Structures are given as C-alpha cells and as structure tokens.
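Subject: Structure for your review

Dear colleague,

Please find below the structure that I am handing over to you. I would be grateful if you would look through it alongside the notes that come after it.

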Amino acid sequence: LSPEIVIFDRFTTEEQFGWRVSEQVPNAVKILDTEDLHFLRTAREKAFKQNRNLEHLDLINDVFKREIASILRCDLSLIISEFEMNLLIEKFRIDENILFYLPLFGEVKKSETSFSERKNFISIGNFLHEPNWQTVLQLKKLWKDIKKQLQEAEIHIYGAYATEKVFQLHNEKEGFLIKGRAESVAEVYSKAKILLAPIPYGAGLKGKLFEAMQLGLPSITTKMGAEAMNGNLDWNGFITSDEDDFVAKAVELYTNKSLWETAQKNGYKILEKRFKKEVFATDFMNRIEALQLDLKAHRNQNFLGQILQH
C-alpha cells in the first residue's frame, strides 16, 4: 500500500502509528481527526468534579501535552468546534496553517410529527461517555420539579452500555424511565416533545443536540451543551445553566405550541446556515491539494512538528 493521505482517528492513534506512517510513506499527507479536544474535556471534568471554575492550569495537563504534540506532528488537524479552533490559535498559538475547521455536517430531515402528536421528554447518550452519565444525574435532580408541574409527562432516558447504577435511577412512579439502547434515534426523537440535555461539561459539538436539530426536536441545554453550535442564531429551544430557569423553560416549551414550532424552525436554520456540507467541501479539498503540491515547504514551516517527529 502506498497511500497519498493517512487520517488518524484521534491523537491516540497518531501516537501509535504516526512514526510508522512517516517511516514507510514519508510523502503521505498526515491528517489528524481530533473529533474534539480531549485535553479540554479532561480539564473541564476535573474542575466540575472539584466543584470550581476552570483555570488555565487545568488545561496544561498530560493529555494536553500528548494531544498538542500529535497536532504538531501532523500536516493538518481537523477541528470540530469554532471555540476549540480559537482556543488553539489564540491561547496556545498553534499555527493556523496546520489547522482546519471542519464541523459535523447536517442535512435537515424535516419532521412530519406535529406538536400535538408528541409527548414526553427524552435524553440520550451512551454511558461509556462520562459526561452523559453526569447529564443523567443532573436530570434526576431537576426532574421532580418538572414533573410537579406536568404530572402526565415522563422522561425517557436512552443510552447504550447502561450499567446497574444507571438502572437504579429508574422510577415508574416518578416517570423517570431508563430505556437502555435506542434501536433508532429518528424513531424515538419523532415521538418525544423535547430533548433535555443539562450537560455539565464536555468538548466539541454535541451529537445528540445536532441530531435533534436535524430531526426537528427542540431542546433545552446548558451553555456548555450549545457551545460553538448556534453562533449568533437563536437556539432551537433554550440555553440556560440555572436550575430553576431550566425547569421553567422545560414546562414552558412543553406546553406552548407556537414557541415549540419556532424552536423547531430555529434548529433547521442553524443547520442550513452553519453546517451544510457544501459550505466546507470545496475549501477542504483545495487545502488538501495545496498540501500535496508543496508538502516539503509546509513541513519546513512547521519546524516544531519536525522536532517532535525527529
């Protein structure tokens, strides 16, 4: 095999195989798909679990050193979030020439299910991912106050790899139902009225919120959940990190048809304006072609990468 381009799935893959690619196919363009910045999530998790604000020193962790080294060793790193792009360029002075902003792509799949045909709240996310577990714990705390005001409503919690500690939260009387893995996200989203995602920490773009916009499901999330998604456009629901406000907004959106329909349209608009594949495809292809044409000069400019590679 003599590939012209090699893509590493996250920095741990580059750590394992980057040296070998450089040794065997030195002229292949090396692209790192970061997925999201793992050092940022690690830092936020630490601050969250210690119940304090994030500090600059939290970011300079071991994962940071490894991940930044991988970014520097590669010819191009794909960054999924505008926030993370700015963090790398402005705070850590990473050369823009070795970064490329390439978020998730979203095709709108307009929902046929109306407000009145839907019922209940939903939360989704696999439980191997720690922020998803923490999100469910936040929901457990908030749910009683929502249920008090919407006695007929239930919340359905979906997620693969649910352990015994997750199922212990299941409570039929409270309407807090742990459903396990969803066979079809589209199907469960089309039945629910609102996605609740009080995400306490994380990084990148949140797939559950992204899919909710695609499939016409309004959502309520935190500032952390919505990070880098809506730009200056209105969210498809509400963004709030205040617990009382979260409860009030959940009740309001659940009961107000015109507000709900506006929220659904806002989600479609965000995808159309900010995440259409066509917005990024040409620039991305041009960037790769330019790299291939002048790879040696590009690498000479990235001298720190050469040092780390050496």
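This is a predicted model: local features need pLDDT of at least 70, side-chain atom pairs count only at pLDDT 80 or more; totals for chains, interfaces and linings use all residues.

Residues are numbered from 1 along each chain as its sequence is written, and side-chain values use heavy atoms, with hydrogens and water left out.

Helices (H or I, at least four residues) and strands (E, at least two) are DSSP runs, numbered from the N terminus. Two strands pair if DSSP finds at least two bridges between them. Six strands form an open sheet in the order β7-β6-β5-β8-β9-β10, and their pairing is parallel. At its edges are β7 (176-180) and β10 (237-239), each of which pairs on one side only. From one strand to the next, the twist averages 20°. Strand β6 (residues 155-158) runs parallel to β7 and is joined to β7 by four bridges; Ile155 stands opposite Phe176 in β7.

Turning to the helices, the axes of α2 (residues 38-49) and α4 (residues 62-73) come within 8 Å and cross at roughly 170°. Axes here are lines fitted to C-alpha atoms, for helices over the stretch in contact, and angles run from 0 to 180 degrees between N-to-C directions. The two helices, α2 and α4, are therefore roughly antiparallel to each other (angles over 145 degrees count as such; under 35 is roughly parallel, 65 to 115 roughly perpendicular and the rest oblique). Contact means heavy atoms within 4.5 Å; on that basis His38, Phe39 and Thr42 in α2 meet Val63, Phe64, Glu67 and Ile68 in α4.

Two loop residues also deserve a mention. Asn120 lies in the loop between β4 (99-101) and β5 (121-124). Asn120 counts as buried because its relative accessibility is 7% (buried means under 20% relative accessible area, exposed over 50%, partly exposed in between, with a 1.4 Å probe and protein chains only). The Asn120 side chain reaches the backbone nitrogen of Glu154 at 2.9 Å.

Pro218 is in the loop between α9 (207-214) and β9 (219-221), and it counts as buried because its relative accessibility is 0%. Pro218 and Glu261 are 43 residues apart in sequence, yet 8.4 Å apart in space, C-alpha to C-alpha. Leaving out residues up to four places away in sequence, Pro218 touches several residues, among them Lys193, Asn236 and Trp260.

With kind regards

Terms used. A polar contact is a pair of N or O atoms within 3.5 Å; within protein, one must be able to donate a hydrogen and the other to accept it, and residues adjacent in sequence count only if both atoms are side-chain atoms.
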